[in-house]
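Please read the report below with the sequence and the 3D view side by side, and look up each residue as it is mentioned.

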Amino acid sequence: MRSFAYVVPDSVAGAVDALAAAEPGTKLLAGGTTLYDLMKLGIEAPPAVIDIHRLAELTEISTDEDELSFGAGAKMAEVADHPVVRRDYPALSESLWRAASQQLRNMATVGGNLLQRTRCGYFRGGAEFPCNKRNPGSGCAALEGLDRTHALLGTSDTCIATYPGDWAVALIAFDAELDVVGPAGERTLPLGELHVEPGDNPLLEHTLTPDELILRIRVPATPAGRGSTYHKIRDRESYAFALTSAATAVTLDAQGMVTDCRIGLGGVATRPWRATAAERSLIGEQLTMETARHAGEVAFAEARPPRTGAFRVELGIRTVTDALLTAGKRAAR
Ligand SMILES: Cc1cc2nc3c(=O)[nH]c(=O)nc-3n(C[C@H](O)[C@H](O)[C@H](O)COP(=O)(O)OP(=O)(O)OC[C@H]3O[C@@H](n4cnc5c(N)ncnc54)[C@H](O)[C@@H]3O)c2cc1C
Ligand code: SF4
């Protein structure tokens, strides 16, 4: 067993100070539902963890006419069940309650959820597998191996690992922003700039610096929220990661024309994916089976499917189509 120090700050400022003074590799600990797994697998080996999960400052949830704000330490279950989120932003609520299990959602936080790492079996499977993300320069076992659930979009020659989270997919569709804090103070980061594609450095997964902490996630208010949904297709109907998913939100005018459209894709890309060309294809159109399907085809036009995962192009197109039609029905109510 590898020992590590366990630090319990009594404030966010204390956590930032502790992180700044800590040895390289020190990690923040929120719900611990994925960090401890990664430590047991030997993928993460922090010399210390800084436990922030009891900090009340991080758990605040507020909703007003301008924006929703979720403290990074709010539990997935609390946000999923929040009455305003359920009523006005069903895609956000559904992305959370279709993730993991009730026990996990009771423990896991919405900040920790954003920074979960890929479920690629070779990455998690053991040091004997070539994996550029786990052991840079060693190769990628998935390129010639089991790749059924790997990414179709945003891949590189060094890594095709899928970003597994659901929540960030819905957040990216709503132009969410993060407030983060570090030794230099606070800054705001668009959620769309948090995760990065693997390129030639799959080890780099996000743009936070090691001494930064996510304070809260903010979502600008939009009428498109009511006309939204999160569809998730998986091998079994609960407690599984997405084969394909789509967060969709639309606004319709009095004639039923689409005036606003947002599409986030999950389970298919190396990062939460915003399908902007597909969104544009629907503006000014009636939302029908044909136009929704066309948007799905546009969303996957650049897909480079893994060898045994080609079925997920058609599955992804159908997921987007269905999610757009559901969003349209909700928008028309
Ligand atoms: C069996 C299983 C099934 C799952 N299924 C799904 C699923 O279908 N969909 C899905 O989306 N997720 C799924 N998950 C992942 C789960 O949602 C995550 O484990 C959880 O959201 C992580 O939150 P946490 O608070 O426990 O994070 P932790 O494990 O505590 O931390 C995760 C990472 O985030 C960092 N971190 C945490 N908080 C902050 C902060 N405020 N600022 C900066 N860094 C921070 C930590 O340092 C760590 O690197 C599953 C997990 C398991 C174990
Ligand atoms: S896809 Fe990425 S994470 Fe998986 S084996 Fe290849 S390099 Fe490693």
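Arginine 234 counts as buried in this predicted model, since its relative accessibility is 11%, where buried means under 20% relative accessible area, exposed means over 50% and partly exposed lies in between, all with a 1.4 Å probe and the protein chains only. Its salt-bridge partner is glutamate 237, and the closest N and O atoms of the two are 3.9 Å apart; a salt bridge here is a side-chain nitrogen of Lys or Arg within 4 Å of a carboxyl oxygen of Asp or Glu. Glutamate 237, by contrast, is exposed, with a relative accessible area of 58%.

Because this is a predicted model, local features need pLDDT of at least 70 and side-chain atom pairs count only at pLDDT 80 or more, while totals for chains, interfaces and linings use all residues. Residues are numbered from 1 along each chain as its sequence is written, chains are lettered from A and ligands numbered from 1 in the order in which they are written, and side-chain values use heavy atoms, with hydrogens and water left out.

## Salt bridges

Side chains of opposite charge can pair when their charged atoms come close. A search of the whole structure finds 25 salt bridges, and three of them are listed here.

| aspartate 179 | arginine 218 | 2.9 Å |

Strands (E, at least two residues) and helices (H or I, at least four) are DSSP runs, numbered from the N terminus. Aspartate 179 is buried at 6% relative accessibility, and arginine 218 is buried as well, at 16%.

Glutamate 205 is placed in the loop between strand E7 (185-190) and E8, and at 17% relative accessibility it counts as buried.

## The surroundings of ligand 1

Around ligand 1 there are 30 residues, of which Leu28, Gly32, Thr33, Thr109 and Asp166 come nearest; a residue is near a molecule if one of its heavy atoms lies within 4 Å of it. Backbone atoms take part in the contacts: a polar backbone atom of leucine 28 is 2.5 Å from an oxygen atom of ligand 1, and for glycine 31 the corresponding distance is 2.8 Å. A backbone N or O atom of leucine 35 likewise lies 2.8 Å from an oxygen atom of the ligand. On its own, ligand 1 has 980 Å² of accessible area, and the protein covers 94% of it, areas being computed by the Shrake-Rupley method with a 1.4 Å probe. Two or more residues of the shell come from each of strand E2 (27-29), helix H2 (35-40), helix H7 (110-114) and E8, and E2 gives the largest share, 3 residues.

## Loops with positive phi

Which value does phi take at aspartate 175? Phi of aspartate 175 is near 55°, a positive value in a residue other than glycine. Aspartate 175 sits in the loop between helix H9 (167-173) and E6 and is partly exposed, at 39% relative accessibility. Tyrosine 239, also a residue other than glycine, has a positive phi near 60°; its place is in the loop between strand E9 (228-233) and strand E10 (244-252), where tyrosine 239 is partly exposed with a relative accessible area of 48%.

## Domains

The domain assignment of the chain gives domain 1 (1-53) and domain 2 (226-331), and their C-alpha centres lie 37 Å apart; such bounds come from an automatic or database domain assignment.

Notes: A polar contact is a pair of N or O atoms within 3.5 Å; within protein, one must be able to donate a hydrogen and the other to accept it, and residues adjacent in sequence count only if both atoms are side-chain atoms.
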